Amino acid sequence: MSVLSVEIPNRERLAALAQSYESEMVAFLRELVAIPAESGQEGPVVDRIRREMEKAGFDEVRVDPMGNILGRIGSGKTVIAMDAHTDAVGVGDPKEWAWDPHRGKVEDGSIYGRGTCDQRGAMASLICAGKLIRELGLGGDYTLWVVGSVQEEDCEGLCWQYILKEDGIGPDCVVITEPTKLGIYRGPHLGAGGIAPAGAGGDCDLPRPLGQGAAGGPVELQHQRRRHDGADGRADDRLWAGRRRVSA
Ligand SMILES: [Zn+2]
């Protein structure tokens, strides 16, 4: 990755202009929160994001066949992608909420509502950043892709696998905007791997075993898992203990 340096000649002006958009951004974020978008149903929220990117003066806005929205600022050498997933988990039983989670509320300087933090707030901020880059001429030898990915809540990583393989944006780095209070993101997304063993066996009957049944392999695997957990299944002081499960 090339070294990127961008001059910000007047930080006070940048801060003042950002501040001047506060009420506009709060209104936009609350509009996003008002659009339910569980995984696989992100179309309406993506449409709203597209309109805002176009209004902010992005150089290119497109929605790929999977439904991810990609907004580009600039066309320089270093390619940076910043991602905010567009889906949010459902609200469960609305009666459990003290207020309408899709209407949200603003209280003591904070915005409340389903998906505000995870991750519509990031999308509102990224689009505002694009607008500020445009208005203050903060372009440089970089390309910024603001990406609204889909289906993160159901199958995290799948959308980015698609974006990297199919969308051809070739990022040098990707910044995800999962909320961390500016900490290092170590959990609960620890990563996971799956192994799908295929078992083969012959005819087998409990009272009169004729051969090795197909279930023998998975049963042995479960025994192995228990032995392995006993050996190294300890918790790290920064991470949870690893977990292994055999499921059919
Ligand atoms: Zn998230």
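1. Helices (H or I, at least four residues) and strands (E, at least two) are DSSP runs, numbered from the N terminus. By that rule D108 is found in the loop between strand 4 (105-107) and strand 5 (110-112). D108 has a positive phi of about 50°, although it is not a glycine. D108 counts as exposed because it has 4 C-beta neighbours inside 10 Å. The cut-offs: a residue is buried if 20 or more other C-beta atoms lie within 10 Å of its own, exposed if 12 or fewer, and partly exposed in between, with C-beta atoms placed from the backbone.

2. A word on the source. This is a predicted model, in which local features need pLDDT of at least 70, side-chain atom pairs count only at pLDDT 80 or more, and totals for chains, interfaces and linings use all residues. Residues are numbered from 1 along each chain as its sequence is written.

3. The overall layout comes next. The chain has seven helices and seven strands. Along the sequence they follow the pattern α-α-α-β-β-β-β-β-α-β-α-α-β-α. Of the 248 residues in the chain, 25% are buried. Take the contacts between residues at least 6 apart in sequence: 68% of them join residues at least 24 apart. Two residues are in contact if their C-beta atoms, placed from the backbone, lie within 7 Å.

4. Q151 sits in the loop between strand 6 and helix 5 (152-155). Is Q151 buried or exposed? Q151 counts as buried, because it has 22 C-beta neighbours inside 10 Å.

5. The peptide bond from D118 to Q119 is cis, with omega near 0°. Q119 is found in helix 4.

6. Now the helix pair. Helix 2 (residues 22-33) and helix 4 (residues 116-136) pack at an angle of about 140°, and their axes are 9 Å apart. Helix 2 is therefore oblique to helix 4. Axes are lines fitted to C-alpha atoms, for helices over the stretch in contact, and angles run from 0 to 180 degrees between N-to-C directions. Angles under 35 degrees count as roughly parallel, over 145 as roughly antiparallel, 65 to 115 as roughly perpendicular and the rest as oblique.

7. Which residues make the contact? Helix 2 contributes M25, F28, L29, L32 and V33. Helix 4 contributes T116, R120, G121, M123, A124 and C128. By class, the contact has eight nonpolar, two polar and one charged residues. Here Ala, Val, Leu, Ile, Met, Phe, Trp, Tyr, Cys and Pro count as nonpolar, Asp, Glu, Lys and Arg as charged, and the others, Gly among them, as polar.

8. The largest nonpolar core has 35 residues. L32, M123 and I127 have the most contacts inside it. Helix 4 supplies the largest share of this core, seven residues. Such a core is a set of buried Ala, Val, Leu, Ile, Met, Phe, Trp, Tyr and Cys residues joined through C-beta atoms within 7 Å. Not counting residues up to four places away in sequence, I127 touches E52, M53, A56 and V146.

9. Last, G67. G67 lies in the loop between strand 1 (60-63) and strand 2. G67 is partly exposed, with 19 other C-beta atoms within 10 Å. G67 and E42 are 25 residues apart in sequence and 7.7 Å apart in space, C-alpha to C-alpha. Leaving aside neighbours within four places in sequence, G67 is in contact with E42, G43, V46 and V150.
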